[in-house]
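Please open the model in your viewer and keep the selection tool at hand, as this tour goes from one place to the next and says what to look for at each stop.

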Amino acid sequence: MPETTPTGLTGLAFGGDYNPEQWPESVWHEDVRLMREAGVTMVSVGIFSWALLEPSPGVYDFGWLDRLLDLLHENGIRVDLGTPTVVPPVWFYRKHPEALPVAADGIRYEFGSRGAICHSNADYREAAANITTKLAERYAGHPALAMWHVHNEYGVPVSACYCDSCAAHFRRWLATTYGTVDAVNELWGTAFWGQRYADFEQINPPRVTPTVGNPAQALDYKRFADATMRENFVTERDILHRLTPGVPVTTNFMTALSQCDSVDYWAWGREVDIVTNDHYLITDGRRTHVNLAMAADLTRSVASGSPWLLLEHSTSGINWQPRNPAKAPGQMARNSLAHVARGSDGALFFQWRQSRRGAEKFHSAMLPHGGTETRVWREVVELGASIDSLSPLRGTRTQADVAVLWDWHSWWAQNLQWRPTEDHDARERADSFYEALYDRHLTVDFAHPEADLSRYPLVVVPALYLMTEAAGTNVRAYVENGGTLVVSYFSGIVDEHDAVHEGAYPGPLRDVLGLTVEEFSPLLQGDTVRITGPDGSELTGDVWTEFVVPGDAETVWTYADGLTAGHPAVTRHGLGEGTAWYVSTRLDAHGLDALLGWATEDARIAPRADLPHDVEVVRRTGESGTFLFAINHSPSDVKVPLEAHGTELLTGERAAGRLAVPAGAVRVVRLDG
Ligand code: GAL
């Protein structure tokens with residue numbers, strides 16, 4: 001069995017992507033000296049090195065990588081070794097131009113960037129398996145090898161290819177998945193607009209069409225593209241398992257919903273030995289630390305709650321957004337340690353030494369252009385020491401309070417064209433509900449809609465448009481057995497093939513919510529509706545309203561104006577031992593907080609009013625004890641109540657009663673007992 005943590009590491013992982021091929025070897029010695037100074041314990045190497053490792057077909061040059069791995073080993077630095085299959089060399093493409101992917105509009109991408117791969121292409125598959133085999137044979141047993149890093153960020157920058165090989169592969173996939181072309185006709189609803197197929201051979205990828213194409217076909221193509229990438233990952237993984245038994249294999253995910261939308265990480269989480277993630281702050285004016293917490297919680301969730309590893313983040317600014325602000329002093333450590341709080345057994349960066357050439361020369365690094373006389377470097381060295389002092393928490397698990405249901409397939413389906421309004425955005429609802437839970441100081445696990453929910457007192461369903469009957473049965477059983485459920489509008493509408501469930505909306509949720517929805521009534525841009533509550537309180541909704549017809553559910557808030565005036569906006573339904581809430585409009589932050597206030601009361605979750613705003617308090621527990629993280633994102637010094645005495649690991653001080661956390665600082669208390 002492969003390990004599930006990097007082999008040979010006793011503490012947390014600290015380091016980053018190391019691309020020494022961009023520098024003369026003389027620089028490598030300075031690199032490892034400075035890595036030791038910074039407390040680096042592991043680096044990722046070779047991710048983009050295929051052109052150097054196989055300079056011409058079948059001719060290999062491993063000399064430089066041998067010397068590099070030996071040097072790192074001599075200096076006690078573990079290696080996360082990349083299979084370089086994300087960028088085949090130019091000679092490969094000149095020999096096999098059809099391995100370059102084709103966009104939906106028929107344009108074939110050129111060589112000269114990265115990630116230009118048609119995952120169905122047989123020549124690519126063969127060449128990738130070959131270089132992976134050569135690497136594994138060469139480095140099996142190398143003492144520096146801690147884990148394998150397959151490829152890089154499957155799903156970006158190309159999420160699907162639409163070429164003829166993919167068309168053939170898609171047909172095979174359909175035949176295996178559905179058996180007959182009649183089944184495909186039925187499930188895709190090809191009777192609509194005369195799209196009936198007589199044979200699999202007639203089916204193509206969803207290439208550009210004059211107007212909107214078949215939505216079920218588009219959804220299946222997302223599934224196919226995801227499964228095809230996963231097949232290639234599994235091929236490489238199995239080679240590595242066979243040739244280097246015991247060494248764990250990963251590929252770096254990008255779970256932040258704003259960073260990759262083409263990969264079903266529930267499925268990928270089951271295939272890797274260690275879940276690893278890359279996270280970059282999206283600086284679009286929203287609270288970046290909330291988005292970070294959400295991505296980290298999602299990563300831990302796809303790892304089934306086990307420790308995972310933050311394989312990339314940035315020390316300061318990045319270079320691929322329209323505007324790339326530097327991180328404020330202390331922000332890097334808050335970011336890194338927030339990932340650790342939420343389950344990462346380490347913190348690694350892109351990249352070690354800032355490039356002087358190439359597309360990423362303005363992306364920050366651990367060792368900036370300015371060298372060691374820089375703020376970033378000083379903060380990196382300080383962070384290395386902090387990470388070292390947190391070693392005891394390795395292997396412990398983050399404790400979650402509530403669950404949010406999330407499903408990539410549902411998200412894909414919601415993003416298809418011709419919906420009731422383009423202003424509804426499933427990701428926005430997920431972000432907003434997450435933020436409301438974060439502001440109530442609740443730690444969130446994400447859960448697949450068909451997963452066991454029984455350990456959560458509260459389950460939130462932000463916008464689960466696609467829901468199987470099984471998912472409906474699952475949430476119903478959860479409520480009947482005493483759970484509290486909160487469902488937001490446009491959930492439970494279609495099945496896995498984007499076909500509307502039989503009967504009134506919301507098919508599999510009607511019984512559990514005790515209502516039906518007769519009609520959607522999206523609002524025009526900028527329009528709002530007033531909603532009045534039982535105690536005379538008023539809330540505001542926008543984007544979406546509905547004609548809700550209550551069955552057994554009681555109406556708690558009612559639309560006070562607009563087309564749906566007099567209809568329920570928020571309902572509550574007691575079922576079995578539990579309660580199910582429904583909200584049929586887009587509530588703002590204030591409204592979501594009010595709704596969650598009621599729901600958490602039903603769920604008997606005590607309010608955490610004693611915790612200051614923007615102070616993240618998260619616990620990890622395990623055999624080595626309980627560790628309380630307090631991360632102060634606010635500009636004020638704060639105090640956080642402790643339930644027990646303990647030792648603060650970053651300062652070494654004893655802590656009891658109310659823990660002082662200065663503005664912008666992080667404290668991690670190992671509680672006694
Ligand atoms: C990641 C990628 C790295 C680097 C980084 C820059 O998505 O894996 O190679 O490009 O972005 O932010």
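Two residues are said to be in contact when heavy atoms of theirs lie within 4.5 Å. Keep in mind throughout that the model is predicted.

**Leu 72 and the cores**

Begin by selecting Leu 72, which, leaving aside its neighbours within four places in sequence, is in contact with Tyr 18, Val 32, Met 35, Val 43, Val 45, Ile 77 and Val 79. Leu 72 belongs to the largest nonpolar core, which has 170 residues, and it is listed with Val 45, Leu 65, Trp 408 and Leu 485 as the members that touch the most other members. Apart from this core lies another one, of 22 residues, and you can find it by selecting Tyr 162, Trp 188, Phe 200 and Tyr 221, which are among them.

**Leu 68**

Now select Leu 68, whose place is in helix α3, residues 63–74. Is Leu 68 buried or exposed? Its relative accessible area is 1%, and because buried means under 20%, Leu 68 counts as buried. Not counting residues up to four places away in sequence, Leu 68 touches Tyr 18, Pro 20, Trp 28 and Val 45.

**Two pairs of helices**

Two packed helices are described by the angle between their axes and the distance between the axes. Select helix α1 (residues 25–38) together with helix α12 (residues 375–389), which pack at an angle of about 60° with their axes 8 Å apart. That angle makes α1 oblique to α12. To see where they meet, show the side chains of Leu 34, Glu 37 and Ala 38 in α1, and those of Trp 377, Val 380, Val 381 and Gly 384 in α12. The residues of this contact divide into five nonpolar, one polar and one charged.

For the second pair, select helix α6 (residues 164–178) and helix α8 (residues 215–243), whose axes are 10 Å apart and which pack at an angle of about 100°. The two helices, α6 and α8, are therefore roughly perpendicular to each other. On the α6 side, the residues that meet α8 include Phe 170, Trp 173 and Tyr 178, while on the α8 side they include Tyr 221, Phe 224 and Glu 231. By class, the contact of α6 with α8 has eight nonpolar, three polar and three charged residues.

**Aromatic rings**

Stay with the rings for a moment and select Tyr 162, Phe 170, Trp 173, Tyr 178, Trp 188, Tyr 197, Tyr 221 and Phe 224, which ring pairs link into a cluster. Over the whole structure, a search finds 38 aromatic pairs. One of them is formed by Tyr 280 and Trp 320, an edge-to-face pair with 5.8 Å from centre to centre and 80° between the planes. Tyr 280 is in the loop between β7 and α10, whereas Trp 320 is in the loop between β8 and α11, so that the pair links distant parts of the chain, 40 residues apart. Tyr 280 counts as buried at 3% relative accessibility, whereas Trp 320, at 41%, counts as partly exposed.

**Asp 614**

Finally, select Asp 614, which is found in the loop between α17 and β23. At 15% relative accessibility, Asp 614 counts as buried. Which residues does Asp 614 touch, not counting residues up to four places away in sequence? They are Arg 287, His 289, Tyr 438, Ile 631, Asn 632, His 633 and Ser 634. The C-alpha atoms of Asp 614 and Ser 634 are separated by 5.6 Å, and the two residues are 20 residues apart along the chain.

Conventions. Residues numbered from 1 in each chain as written. Predicted model: local features only at pLDDT ≥ 70, side-chain atom pairs only at ≥ 80, totals over all residues. Heavy atoms only, no water. Axes fitted to C-alpha atoms, helices over the stretch in contact; angles between N-to-C directions. Helix = DSSP H or I, 4+ residues; strand = E, 2+ residues; numbered from the N terminus. Parallel < 35°, antiparallel > 145°, perpendicular 65-115°, else oblique. Nonpolar A, V, L, I, M, F, W, Y, C, P; charged D, E, K, R; others polar. Core = buried A, V, L, I, M, F, W, Y, C linked by side-chain atoms within 4.5 Å. Buried < 20%, exposed > 50% of the residue type's maximum accessible area, 1.4 Å probe, protein only. Phe/Tyr/Trp six-rings, centres within 6.5 Å; stacked < 30°, edge-to-face > 60°.
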